[in-house]
Amino acid sequence: MDAAVPASPHISVLLNEVVDALSPRDGGVYVDGTFGAGGYARAILDRADCRVWGIDRDPEAIERGRKLALAYPGRLEIVEGRFGDMDRLLAEHGVESVDGVALDIGVSSPQIDEPERGFSFRFDGPLDMRMGRDGPTAADVVNTATEAELADIVFHYGEERMARRVARAIVAARLDTPFARTKQLADVVRSVVPKGKGDAIDPATRTFQALRIHVNDELGELRRGLAAAESLLKPGGRLAVVSFHSLEDREVKTFLKERSSPPPSPSRHAPSLAADPRSPSLRPLSRKPIVPTDQEAHSNPRARSARLRAAERTAAPAYPAPGKEAA
């Protein structure tokens, strides 16, 4: 490895655990589907003489990746796009199957730390929140969505109990001044959501989370990405997914349970309910998610809520992708 490898701007969560789960081998092909600052890709490349495909929709992450690739000639390839399209993106480069896929779900530390991206209320910046550069911004959503739509977004994606109150306040405030800045939105939310006794999080946290998830279709992207990884993985290939809140972890847990459960037995009492002919396509590597050590949680606050779920691909056919029926 070249001594001039660029320093990583953040610490990848559960880094060793993710790489251990993937168990990289010489000659293998791996995907870092949420490249970000390249922490997982770098660790995989350092563990074995293998090849990694880094995927990200963020142009700034792509730029960082291309610089990092110079330190791993011929071993790190960077592709701009959504990880939910990884099977199509890699097929365009002649890659039909891989030995491992790593996914770190949610916003990356570099995105949070850049005020101009609008992900955080810790800094005042444009109310953007887009991981890529396409589609409506968070400002577009809060300025045009109906009160009912805003309440649904904040309740379902932010799990905010006072979602209706937040939506009502947003609609009232935008009549005077359309939303354009993160501080502007955070102040409105704080004005109607009291901080609970002993509550360590800012009252605006859940609303910002909800808008970010909605703007980037994060749960839909996660479902598509899991299915794409399943279709790409070779028998014996590994999938490692790190999530940071219950909505994401629930999606991953449900996916793995569905793909690893044996088909139901046919019932002579209900012959119309024939057994599902599909066999398990994934085998979970542990019954419970892997969580950070106390030391990691203390040194890296972002790691505190992280959960790693990992599985190994079987030889059974992949399940139909979301929205597609089996042929």
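**View 1. Helices H1 and H2 make a right-handed crossing.** A crossing is right-handed if the near helix is turned clockwise from the far one by less than a right angle, and left-handed if anticlockwise. Helices (H or I, at least four residues) and strands (E, at least two) are DSSP runs, numbered from the N terminus. H1 covers residues 15-22 and H2 covers residues 39-47. Their axes come within 10 Å and cross at roughly 55°. H1 is therefore oblique to H2. Angles under 35 degrees count as roughly parallel, over 145 as roughly antiparallel, 65 to 115 as roughly perpendicular, and the rest as oblique. Axes are lines fitted to C-alpha atoms, for helices over the stretch in contact, and angles run from 0 to 180 degrees between N-to-C directions. The model is predicted: local features need pLDDT of at least 70, side-chain atom pairs count only at pLDDT 80 or more, and totals for chains, interfaces and linings use all residues. Residues are numbered from 1 along each chain as its sequence is written, and side-chain values use heavy atoms, with hydrogens and water left out.

**View 2. Residues of H1 meet residues of H2.** Contact means heavy atoms within 4.5 Å. H1 brings Leu15, Asn16, Val18, Val19, Asp20 and Leu22. H2 brings Gly39, Tyr40, Ala43, Ile44 and Arg47. Seven of these contact residues are nonpolar, two are polar and two are charged. Here Ala, Val, Leu, Ile, Met, Phe, Trp, Tyr, Cys and Pro count as nonpolar, Asp, Glu, Lys and Arg as charged, and the others, Gly among them, as polar.

**View 3. Seven strands form an open, mixed sheet.** The strand order is E3-E2-E1-E4-E5-E7-E6. Strands E3 (76-80) and E6 (282-284) are the edges, and each pairs on one side only. Two strands pair if DSSP finds at least two bridges between them. Strands of a sheet pair through backbone hydrogen bonds, either parallel or antiparallel. On average, neighbouring strands of this sheet are turned by 20° against each other, direction ignored. Helix H12 (residues 246-260) packs on the sheet. H12 touches strand E5 (233-243), E6 and strand E7 (307-313). The direction of H12 makes about 20° with that of E7.

**View 4. Strand E4 pairs with E1 and with E5.** E1 (residues 29-32) and E4 (residues 98-104) run parallel, joined by three bridges. Tyr30 has Gly100 of E4 as its bridge partner. Asp32 stands opposite Ala102 in E4. E4 and E5 also run parallel, with six bridges between them. Seven of the seven residues of E4 are buried. Buried means under 20% relative accessible area, exposed over 50%, and partly exposed in between (1.4 Å probe, protein chains only).

**View 5. Asp104 belongs to strand E4.** Asp104 counts as buried because its relative accessibility is 10%. Asp104 stands opposite Val242 in E5. Leaving aside neighbours within four places in sequence, Asp104 is in contact with Thr34, Tyr40, Val242, Phe244 and Arg302.

**View 6. Glu251 sits in helix H12.** Glu251 and Arg223 are 28 residues apart along the chain. Their C-alpha atoms are separated by 7.2 Å. Setting aside neighbours within four places in sequence, Glu251 is in contact with Leu219, Leu222, Arg223 and Leu226.

**View 7. The chain has 13 helices and seven strands.** Of its 327 residues, 51% count as buried. Among contacts with a separation of 6 or more, 68% join residues 24 or more positions apart.
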